[in-house]
Amino acid sequence: MPLLPKKIVTCVIVFLVSSMVCLVAAEKIVWPISPIKAKKKNPVEYDASSIGQGKKLYSQWCMTCHGSGAKGDGPSAYAQTPHPPDLTDPSVWNEGDGGVYWRMTEGRESMPSFKTLITSKQRWEILIIYDR
Ligand code: HEC
């Protein structure tokens, strides 16, 4: 007689594999970016005009999903999988302005690509409001 019945071995393997899948799914899915792109600095000047422009553009293009305080709780946020993230979370800014700019440009899942929806200058203007 084998040490462990085949059925138990199969059961254990199925359990291990499925828990691994769950772990991977629970992790924030990484959104890789090239370090060169992340190094880009915001070319827009930080002043009253760009801040005003950034706020206007944010409420026009981003607020429905990311929310008025950018907490990821806009009116249409919960209809989406994954939910729009909290843009005030420091981890979003780990890769600097260039990283956020690139993700905004490309989009992913229900996050639209803003490459053609708004100009490059307008994308940087939105980022100005988070300048610190
Ligand atoms: C239709 C809903 C929607 C709109 C509109 C939208 N987003 Fe998003 N956004 C999302 C979702 C959903 C994700 C998560 C995508 C993913 O992780 O696959 C996301 C992710 C992001 C990220 C990546 C954050 C991270 O995890 O590093 C940034 C930055 C971002 N959005 C900025 C913006 C900005 C700025 C605007 C407006 C110009 C905008 N988004 C408009 C839904 C939206």
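Where is the place of E109? E109 sits in the loop between helix 5 and helix 6 (120–128). We'll come back to that residue, after a look at the whole chain; keep in mind that this is a predicted model.

## The chain overall

The secondary structure here is simple to list: six helices and zero strands. Read from the N terminus, the elements go α-α-α-α-α-α.

Of the 132 residues in the chain, 16% are buried. If you take the contacts between residues at least 6 apart in sequence, 55% of them join residues at least 24 apart.

## The nonpolar core and I126

What makes up the largest nonpolar core? Five residues do: L57, Y58, C62, C65 and I126. In soluble globular proteins, nonpolar side chains tend to be buried together.

I126 has contacts with other members of that set. Leaving out residues up to four places away in sequence, I126 touches G54, L57, Y58 and C62.

## Helix 3 against helix 6

Two packed helices are described by the angle between their axes and the distance between the axes. For helix 3 (residues 48–61) and helix 6, the axes come within 7 Å and cross at roughly 100°. Angles of 65 to 115 degrees count as roughly perpendicular, so helix 3 and helix 6 are roughly perpendicular to each other. On the helix 3 side, the contact is made by S50, I51, Q53, G54, L57 and Y58. Helix 6 brings Q122, E125, I126 and I128. Sorted by class, this contact has five nonpolar, four polar and one charged residues.

Helix 6 also holds W124. Is W124 buried, exposed or partly exposed? W124 is partly exposed, because 19 other C-beta atoms lie within 10 Å and a buried residue needs 20 or more. Apart from residues up to four places away in sequence, W124 touches N42, P43, V44 and Y101. W124 and Y101 are 23 residues apart along the chain, and their C-alpha atoms are separated by 7.0 Å.

## Helix 5 and its partners

Y101 turns up again in helix 5, where G99, V100, Y101 and M104 are buried. What do the buried residues of helix 5 pack against? Their partners are helix 2 (35–38) and helix 6.

Just after helix 5 comes G107, with a positive phi of about 70°. G107 is also one of the contacts of S113, together with T105 and E106, once neighbours within four places in sequence are set aside. S113 itself is found in the loop between helix 5 and helix 6. S113 counts as exposed because it has 12 C-beta neighbours inside 10 Å, and 12 or fewer is the cut-off for that label. The C-alpha atoms of S113 and W102 are separated by 9.7 Å, and the two residues are 11 apart along the chain.

Now back to E109. Its phi is near 50°, a positive value in a residue other than glycine. With 11 C-beta neighbours inside 10 Å, E109 counts as exposed.

A70 also has a positive phi, about 60°, although A70 is not a glycine. Is A70 buried or exposed? A70 is buried, because 20 other C-beta atoms lie within 10 Å. A70 lies in the loop between helix 4 and helix 5. P82 is found in the loop between helix 4 (63–66) and helix 5 (96–106) as well, and a cis peptide bond joins T81 and P82, with omega at about -5°.

## Around the ligand

Which residues come nearest to the ligand? Of the 22 residues around the ligand, these are C62, C65, P84, E109 and M111. Helix 4 and helix 5 are the elements that give two or more residues to this shell. By class, the shell divides into 15 nonpolar, four polar and three charged residues.

A few names here have come up before. C62 and C65 are members of the largest nonpolar core, and C62 is one of the residues that I126 touches. E109, with its positive phi, is exposed.

How values were computed:
Residues numbered from 1 in each chain as written. Predicted model: local features only at pLDDT ≥ 70, side-chain atom pairs only at ≥ 80, totals over all residues. Core = buried A, V, L, I, M, F, W, Y, C linked by C-beta atoms within 7 Å. Contact = placed C-beta atoms within 7 Å. Helix = DSSP H or I, 4+ residues; strand = E, 2+ residues; numbered from the N terminus. Near = placed C-beta within 6 Å. Nonpolar A, V, L, I, M, F, W, Y, C, P; charged D, E, K, R; others polar. Axes fitted to C-alpha atoms, helices over the stretch in contact; angles between N-to-C directions. Parallel < 35°, antiparallel > 145°, perpendicular 65-115°, else oblique.
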